[in-house]
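Subject: Structure for your files

Hello,

Here is the structure we spoke about. My notes on it follow below.

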Amino acid sequence: MSVVNGGRPSEAKVVFYNDPRIRSLFFQLVLLALIVALFWFAYDNTVANLKKRNIAQGFGFWNVEAGFDISQTLISYSAASSYGRAFWVGLLNTLLVSGVSIVLATILGVVIGILRLSKNWLIAKLATVYVEIFRNVPLLLILYFWYRGVLGLLPEPKNSIIFPGHILLNTRGLLTPRPVLGDDFIYPFVAFVVMVLIAIGLSVRAKRVQESTGVRPKTGWLSFGLIVLVPSVIFILIGAPLSFDIPVQGRFNASGGMSLAPEFVSMVIGLTTYTAAFIAENVRAGILAISKGQTEAAQSLGLSHAQSIRLVIMPQALRVIVPLLNSEYLSLTKNSSLGVSIGYPDLVSVFTGTVLNQTGQAVEMVSVTMLVYLTLSLLTSGFMNWFNRRVALVER
Amino acid sequence: MKKIIAAAVVAAASFGLVTAASAGTLDNVKAKGQVVCGANPGTAGFGVPDQKGNWTGLDVDYCRAIAAAIFNDPTKVKFVPLSSKDRFTALASGEVDVLIRNSTWTMSRETTLGVIWAGVNFFDGQGFMVNKKLNVKSAKELAGATICVQQGTTTELNLADFFRSNKMEYKVVTLGTSEEALKAFDTGRCDAYTTDRSGLAADRLSMSKPDDNVILPEIISKEPLGPLVRQGDDQWLNLVKWVHFALLTAEEDGITSKNVDEKLKSDDPEIKRVLGTEGKFGESLGLSNAWVVQIIKGVGNYEEIFERNVGPNTPIQLARASNALWSKGGLQYAPPIR
C-alpha cells in the first residue's frame, strides 16, 4: 500500500457506480424526476379531464363583467366591474378585517394576559374565565353570537338609537356624519405634519441631553401644544373648511353619512375576542418564563410594579411571546374566511364563493385563493421574524 | 429509497386508473344499487328532510322517479344536500349522478360548467318578499332598500340587473346559504329578501311570523328549474330527460298511480306504448319496458307530484300557472313517446 498525502492511506479506487456520493446523487435525481413527473401528470390529467368534460379553463374570466354587487367595497366597484376587480375588493376586505382585528386582539390579549397574573384574586379569576370561555368555544359560534345574538337585537331603522352629533345605531349598523374636507383643509393638515416632525426632533434632542447630563428635559407639554394648538389655530383662522354630511332618515334607512356595517363589526369583535384569549395565554407564558429573580431585582432597584413590567419583564418576555404571536396572527387571518357565514364579503366569500359559482372554475379560484393566503402568511411571518430580531435582547 | 420509489409508482398508477375509469353513469348506478341525487338542503315543497329524516319535495320525487325507472323501487336513492355554491362542482366531479335542486338553466352554466339540463320541471321567476309594515306595494319602490340574498345563484345577478336597469340604489347583504339569508331578513337586517318565487312561498312559512310578510307582484327574471347531468354521457342524459317526459305524458294520458293497473289493459295505442305493453321504449333506454309503470306506481304522474308537494292543498299553495300542461295553457310539453 503506497503512502501519500501526509501519511493517510489513499482512498481505494472504486468504480464510479459504487461511489456512495455519486450513488446518492443519482437516486436523489431519480426521486426528483419522479416527483416532477407526478406533479406534471396530475396537472396534465386535470387539464385533459376538464377539457373532456367541457369545463372552462384558464383566466379568461378575469376581465369579464362580474354582474353582482358587494356590500362593502374599499375601492370603487359596481356590478359593471370585472371579476378581477371583485377579487381585489374581496382581498382588501380580508386585509382590512384581519388588520384591524390583529391590532385590537393584541391590545386586548396583552391586557388580559397581564391581568391573569394580577395579585388581585377577582381580577385574575375574571381574566381566567374570559380566556377559558373564548378559547373553548368554536369561532363560528362566537361570530353567530355577536351577529345574531347581540347586533341582531338592535332596533329597526325607524326606531334607531340616536346619539348626540347625528349618530344613529340600528340593525343596519352605525351611521355617523361623514366629514367633508374643504379645499383649504390642506393648510392645517400640513401644519399638523410639520409640528409632529418638530416634536419628534425635540424628543430626539431630549434623549441626547439625557445621555450626556443624566437629566431629561421636559418636552411633553410643549409637544402637545405644538401638535394640537398650532393646527387648530390655523384651522379656525382660515374659516374652518370642514362640513359634515349628516345621515338623513329615508323610507328604508338613513342615507348619506358614513356607515359601519354590522357584518364588519361582528367580524372584528368576534375575531378580536377569540384571538385575544389565545394571545393572553401567550403573554402569560412569556411572562412566567422570566425568572422571579428578575422581578425581585427590579423591585430592589426601586422600580414600581408597572415600571418593572414595562422596563424589565416585557423586553425579556417578548423573546418568548413574539414567535407565538406570529402563529396567532396567521390563524386570525385565515379565520377571517368564516366571514361568508355572517355576510361579510371577504376574499373567500366573494372570490371562492360568488365568482367561483358564476364561472364554475373551481381549480383556478381555489389555487389563486390558496396562493393569496400563502403569500399573506409568508409576509406576516417575514415581518414577525424581522420584528423578533429587532426586539430580541442583544446579549452583552 | 426503494419504498419511496415504489410509493411513487403506485401513486402514478392510481392517477392513471382515475383517468381510465369513466364507464357509463347508468352502469355505475346499477352497480351501486342506488341513484345519488344532489338535493336542496332545505326548501319546503322542493327538497327538505322531515323530522324523521325522510326527504320530501318535487325535486326529491323526481329523483325517486329515476330510481323507480331503474330499480322498480323509488327508495333506492341517496340524497346529498348541496349548497348553491357547491352544487355544480359536486355534479361535475362525479359526487352525485344527477342534480335536482331547483337549479336555473342558463347558457353560461351549460357552456362552461360541463353540465347539461335534461328539462324543466318547474318554470319559476325571481321575486321579492318584504315586511308588511314597510307598506311597499311594488318592487319599483325598493330604491334605497337593503336586500338579503343567497350566494352563488342567478338570483344574485338578477338582483343587480334589476336595480341597474331601473336606475335605483340599493344595498346588498350576501350570505352563504338560503337559511342564513332568510334568518338575516327575519331578524330585520334587510328590508327585502329575494329568491325564486317558489322559494319565497316556501321560505315565508319558515319565518317567525309568516303573515307579517308579503311577496311583491313583480317577477324580475325567467328561472327555468330542472334536473341536470354531466356532459358526455348521452345515455344517462336521455334517461333523465325521458323520465321527466314520461311524468308529463302520463298526466296527459290520465295515467295515475291509482288507475295504472287498469290502464295496462287499455287498447289505446298511445297508452300501450307509454306503459310498455307495446314497443321496446324502455329497453332503448337501458331499462325494462315497464319503466313508466314503475315510475307511476312509485311516485305518480307530474300532476300528482305537483299537488302533493307544492299545490293549492299544501302549505306552499302554488297554482299550476306556467307549470300546467301545454294543453291547459301552461308551458309543460313532452315530445311524443313513439
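**Chain A**

Buried residues account for 28% of the 396 residues in chain A; a residue is buried if 20 or more other C-beta atoms, placed from the backbone, lie within 10 Å of its own. This is a predicted model: local features need pLDDT of at least 70 and side-chain atom pairs count only at pLDDT 80 or more, while totals for chains, interfaces and linings use all residues. Residues are numbered from 1 along each chain as its sequence is written, and chains are lettered from A and ligands numbered from 1 in the order in which they are written.

Along the principal axes, the C-alpha atoms of chain A fill a box of roughly 100 × 75 × 50 Å.

Chain A has domain 1 (16-49) and domain 2 (83-177 + 246-391), with bounds from an automatic or database domain assignment. The C-alpha centres of these two domains of chain A are 44 Å apart.

**Chain B**

In chain B, 51% of the 338 residues are buried. Chain B contains 14 helices and 14 strands, which are DSSP runs (helices: H or I, at least four residues; strands: E, at least two) numbered from the N terminus. Its radius of gyration is 22 Å, close to the 20 Å from the globule rule for 338 residues, so chain B is as compact as a globular protein of that length.

Regards

Methods:
The radius of gyration is taken over C-alpha atoms; the globule rule is 2.2 Å times the number of residues to the power 0.38. A residue is buried if 20 or more other C-beta atoms lie within 10 Å of its own, exposed if 12 or fewer, and partly exposed in between; C-beta atoms are placed from the backbone.
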